[in-house]
Amino acid sequence: SRLDVSTRDSAIEKSEFHGFYHMGILVVGYYLVTWAATMWLEDGHDFELLHSMMQGMLQAVMATAALLLVSFTAVPISVAQHRNWPRWLVATMQHSVQTVLVLSSVAFVVWYDLGVSQSAFVVVETCVIYMKTHSFISTNRELHEQWKSVRAQRKRDARKAAAAGSDDDDKDDGEDDEVLLDEYEADDDEGFSDAEISYQPRARTALYPRNISLGGYFAFLCFPTLVYETSYPRRKRIRWTYFFEKLVMMIGTLVLIYAMVHSFILPEIRKSTSEGDPVKSVVKIIMPAWAVHLGVFFLIFELILNAVAEITRFADRDFYQDWWNSTTMDEYARKWNQPVHKFLLRHVYKETIHNLRFSKTSATYATFIFSSLLHEMVMAACVKRVRPILLTFQLTQLPLIVLGRLYKGTAFGNYFFWFGLITGPPLMSVLYVVLP
């Protein structure tokens, strides 16, 4: 990945400005030490926020584990699909399971009145499970259609060979019931393309339908990807030094986020509710909120996903692209979260075109609305109130995307992008708190 200081081939290490990046990490380390010392000497050991963040976390982990077990129904549903159960029945089972996953997670955090961090953990993890379940079943549905097409073609070839007097028309090559993904060529607008499903090794377990198994699904759950493939590029060994480097940086980043929230954001959020001056609060938390936003991104996409990828020997580390150079909001949306972007592209955009016969424009809007509603659901579950603030902010991006064509690729576009990214999160945070 581009910001991976532990890899010499990363973009940041190849850049002539990598020294500034190293300096930034060192400055963060100095800040954490001074912040901890100041908090201990002046305020004592005030761990109220940490206690509130950890309270109920065990229940949150157990609930997520239970939802993971529920998601394993994707395997028998895929088996039923392979056995030619009615398509409407398979679709009903699939969407019923996915609905149960989402509604159960929201009901759980509301019923037990979990805190923001615990609620975010449960609901975000459930969204990940939801996407993985959908991708596993939907991709195997595509493979099943190709499997039937290959079998039908082989039968036609056998009949032609028999009519021509071939002596080996009954010969079985042992692969009649298996399909390699690289045999599949799809239209750009229908189904999944070869570019999306990369080269698959000819291991017997990677062939459809042998890939449908509890072990295969469990491995997919462990991999840091939301799009199912029958196999993935893998590293030969685990680099334990690299893994522990990520763990240490993970702890440091978590402490930094905690320090920002504890010292700057939470006090101002509380003042905004008591003093009724949200504008002043927004101004004061702009920079801390921006730091937290960057910290959360770095924690998830650079540290957690790379650590998980290393421990599972997952070789594809394309978790994000250079979103900081974006000049339009749609460019940012494509670059900052590659796992979700790839899921939306294959399973929302292309499926609405292929299954619902949407036009490209309609599919684009459907994908945008789906993503916006998913984000709003997470926020509503975290703050325990339905206030479509995030949804409103996202909908305002639509005219900005159109206007963005005028300044795409310009310095002004990048300035405007950063202006929105810096001012948006603190404003939304205060609005979620102060609005009744």
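Lysine 155 comes out as partly exposed because its relative accessibility is 47% (buried is under 20% relative accessible area, exposed over 50%, partly exposed in between, with a 1.4 Å probe and protein chains only). The model is a predicted one, so to speak of local features takes pLDDT of at least 70 and side-chain atom pairs count only at pLDDT 80 or more, while totals for chains, interfaces and linings use all residues. Residues are numbered from 1 along each chain as its sequence is written, and side-chain values use heavy atoms, with hydrogens and water left out.

Now to the salt bridges (a side-chain nitrogen of Lys or Arg within 4 Å of a carboxyl oxygen of Asp or Glu): the structure has 10 of them. One joins glutamate 310 to arginine 235, at 4.0 Å from N to O. Glutamate 310 sits in helix H10 (residues 278–311) and arginine 235 in the loop between helices H8 (214–222) and H9 (240–274), so this pair ties together parts 75 residues apart in sequence. Glutamate 310 is buried, at 0% relative accessibility, whereas arginine 235 is partly exposed at 28%. Glutamate 310 also bridges to arginine 317, with the closest N and O atoms 2.9 Å apart, and both of these residues are buried.

Elsewhere, arginine 334 pairs with aspartate 330 at 3.5 Å, N to O. Both belong to helix H11 (residues 329–335), four residues apart, or about one turn. Back at glutamate 310, shared partners link Arg235, Arg239, Glu310 and Arg317 into one salt-bridge network.

As for disulfides (a pair of cysteine sulfur atoms within 2.5 Å), the count is zero. Cysteine 127 has its nearest cysteine sulfur, that of cysteine 382, 9.8 Å away.

Definitions and conventions:
Helices (H or I, at least four residues) and strands (E, at least two) are DSSP runs, numbered from the N terminus.
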